[in-house]
Amino acid sequence: MGSPTNKTTLYPKSHILAASGIAAALSFFLLVIPSTDVEAHKTFIPLDLSNPEAQQVTALNEKVTSLLGAKVITPLKDGDFDTLAQIARNHNHHGDFIDHLRVTNQEPPPLTSTAGNHAASHSEPADSSDQWTSVTVESGNTLSTLFNQVGIPNSTMYSVLNSSKEAKRFTRLRVGQILEFQLDADGDLLALRSKLSDLETIQISRDNDGFVFNKEQLEPEVRNRYAEGQINSSLFLAAQQADMPHSLTMQMANIFGYDIDFARQIRQGDSFEVLFEEKHLNDKRVGTGNILAARFTNRGREYTAVRYVDRQGQASYYRADGTSMRRAFIRTPVEFARISSRFNPNRRHPILNTIRAHNGVDYAAPTGTPIMATGDGRITHLGRKGGYGNTIVIRHGNQYQTLYAHLNGYARGLSNGSHVTQGQVIGYVGMTGLATGPHLHYEFLVNGRHVDPLRVDLPVADPVPANERERFMAQSKQVMASLDQHRTIQLAMLEQ
Ligand SMILES: [Zn+2]
């Protein structure tokens, strides 16, 4: 192990971010632009320059630009990257698994869906009280330079930052963000505040012997809205014409991602209808909530989706008839990993040097890389298992089992018998047992027989459970009828 300086610990993370970001951006590019009609879109990725990842994002952007000869995407918002990752996952039939791609976990300054209010949000005065001094974050600024700009010493900044864990949120700056300082007559800091979004403002105020943090979180009003569109050139443009926020388009593509190959199968004439939640604050749209129901017609075939929250409070999407929209397994249990050895019944074992079947797939990845359960199930083994080292075996119903070997450690709280869900982190890559380097050895068993995890036909996930079915069908009928009703109204309006 090398010396644990900041640089060495930061590098792999940013590297991973850039690499996976490119993959996701690529898949998004494919998603929105049918092969027959390639257009250039302008890129804008909010930069958080105080953050070392920002440079990686710029690099990512340049890389994507050079690869595709066109720039990508509209403003990326919080959540988009997760969605991108999900799409990349759903569309990649060999399942190179990509996730957790967060550029910055802050939203760019208010909504950008309509031109005009963007500029306004920057010049908006916070409070006319002359004690408050506003500073706008510019490229290259750090919190320290901003404090110095208003004449406050670094020592004060440190006591602000050390006053609470949440106070450190002031270090996550983005260009265009406004910091407001309140100073007393001597120029000492009384308070510091910043509006992070339409809904959230954070503030730090002087207390007797230090600073206290508080935040104002506004509760938006949630309204249902309907949108529909027909695809002429791209899903992206059709959605934009329907005044759908980008994140909603991504959400829709994600929901239908197991059924429709958005990279290759979108055709002119495809159409969609979607009923979704929209967040409003004083009649201003401030965000998007969940898609409640949607219909997507792809090459003449209709697909439906209904969001259902079961009695335990778990939300899932099902087809309108209650069958599942997702697969019971994701293809790959680790992200950012390279396949170092494939399923091979006649392999020569690298350590034992004998012909020994390789009953799984090896994913080389750095020690500590999270490993996810590929499907819902119950842990039937957690512990040492001979040459496998630290191993987890999960049983998924009666037919399927998956095995994860050579782990460096297990996720906290898990034990034999624990129930796990698809995508849940269960352990970390290591090299325990017979292993020449850190990797995950992953096996997939059907009725007790080993199959190639990369080629096995992944079964469709379970439908709405029997004891929830009646309740689901009632909701499904209602929400699908609502879609039909909106469509009729829309048609009537067009005919006038
Ligand atoms: Zn192996």
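Student: In which strand does glycine 377 lie?

Tutor: This is a predicted model. Glycine 377 belongs to strand E14, which covers residues 377-384.

Student: Is glycine 377 buried or exposed?

Tutor: Count C-beta neighbours. The cut-off for buried is 20 or more other C-beta atoms within 10 Å. Glycine 377 has 22 inside 10 Å, so it counts as buried.

Student: With which residues is glycine 377 in contact, leaving aside its neighbours within four places in sequence?

Tutor: Its partners are Ile394, Arg395, His396 and Val420. A C-alpha distance can be read alongside. Glycine 377 and valine 393 are separated by 16 residues in sequence and by 9.8 Å in space, C-alpha to C-alpha.

Student: Now a loop. Where is the place of alanine 365?

Tutor: Alanine 365 sits in the loop between E12 and E13. Alanine 365 counts as buried because it has 23 C-beta neighbours inside 10 Å.

Student: Which residues are in contact with alanine 365, leaving aside its neighbours within four places in sequence?

Tutor: Val334, Phe336, Ala337, Val429, Pro438, His439 and Leu440. Take Ala337 from that list. Alanine 337 is 28 residues from alanine 365 along the chain, yet their C-alpha atoms are separated by 5.1 Å.

Student: How do I read strand pairing around E12?

Tutor: Start with the general idea. Strands of a sheet pair through backbone hydrogen bonds, in either the parallel or the antiparallel sense. Here, strand E11 (residues 338-341) pairs with strand E12 (residues 361-364) in the antiparallel sense, over three bridges. E12 also runs antiparallel to strand E20 (residues 439-446), with four bridges joining them.

Student: Which residue in E20 is the bridge partner of aspartate 362?

Tutor: Histidine 441 is that partner. Aspartate 362 of E12 also stands opposite serine 341. Follow aspartate 362 and you step from serine 341 to histidine 441.

Student: What is the order of strands in the open sheet that contains E13?

Tutor: The order is E13-E19-E17, three strands with antiparallel pairing. An edge strand pairs on one side only, and here the edges are E13 (370-372) and E17 (409-410). E13 is joined by three bridges to strand E19 (residues 425-428). Within that antiparallel pair, proline 370 stands opposite tyrosine 428 of E19.

Student: How many bridges join strand E6 and E7?

Tutor: Ten, with strand E6 (residues 221-230) and E7 in the antiparallel sense. Arginine 225 has phenylalanine 276 of E7 as its bridge partner. E7 and E8 pair antiparallel as well, over ten bridges.

Student: How do I test the geometry of helix H9?

Tutor: At 1.5 Å a residue, the 30 residues of H9 (residues 466-495) should span 44 Å; the end C-alpha atoms are 43 Å apart, so the two agree. Then look for a bend. H9 bends by about 30° at phenylalanine 472.

Student: Which residues of H9 are buried?

Tutor: Phe472, Ser476, Val479 and Leu483.

Student: How many residues does the largest nonpolar core have?

Tutor: It has 35 residues, and Leu235, Met252, Ala293, Ala294 and Val306 have the most contacts inside it. Helices H7 (235-241), H8 (246-255) and H9 each give two or more residues to this core, as do E7, E8, E9 and E10. H8 gives the most, with five residues.

Student: With which residues is methionine 252 in contact, leaving aside its neighbours within four places in sequence?

Tutor: Phe272, Val274, Ile291 and Ala294. Apart from this core lies another, of 26 residues, among them Tyr388, Leu403, Tyr428 and Leu440.

Student: How many helices and strands does the chain have?

Tutor: Nine helices and 21 strands. Of its 496 residues, 35% count as buried. Among contacts with a separation of 6 or more, 65% come from residues 24 or more positions apart.

Terms used
Residues numbered from 1 in each chain as written. Predicted model: local features only at pLDDT ≥ 70, side-chain atom pairs only at ≥ 80, totals over all residues. Buried ≥ 20, exposed ≤ 12 C-beta atoms within 10 Å, placed from the backbone. Contact = placed C-beta atoms within 7 Å. Pairing = 2+ DSSP bridges. Expected span 1.5 Å × (residues − 1). Bend = angle between axes of the 7 residues up to and from the residue. Core = buried A, V, L, I, M, F, W, Y, C linked by C-beta atoms within 7 Å.
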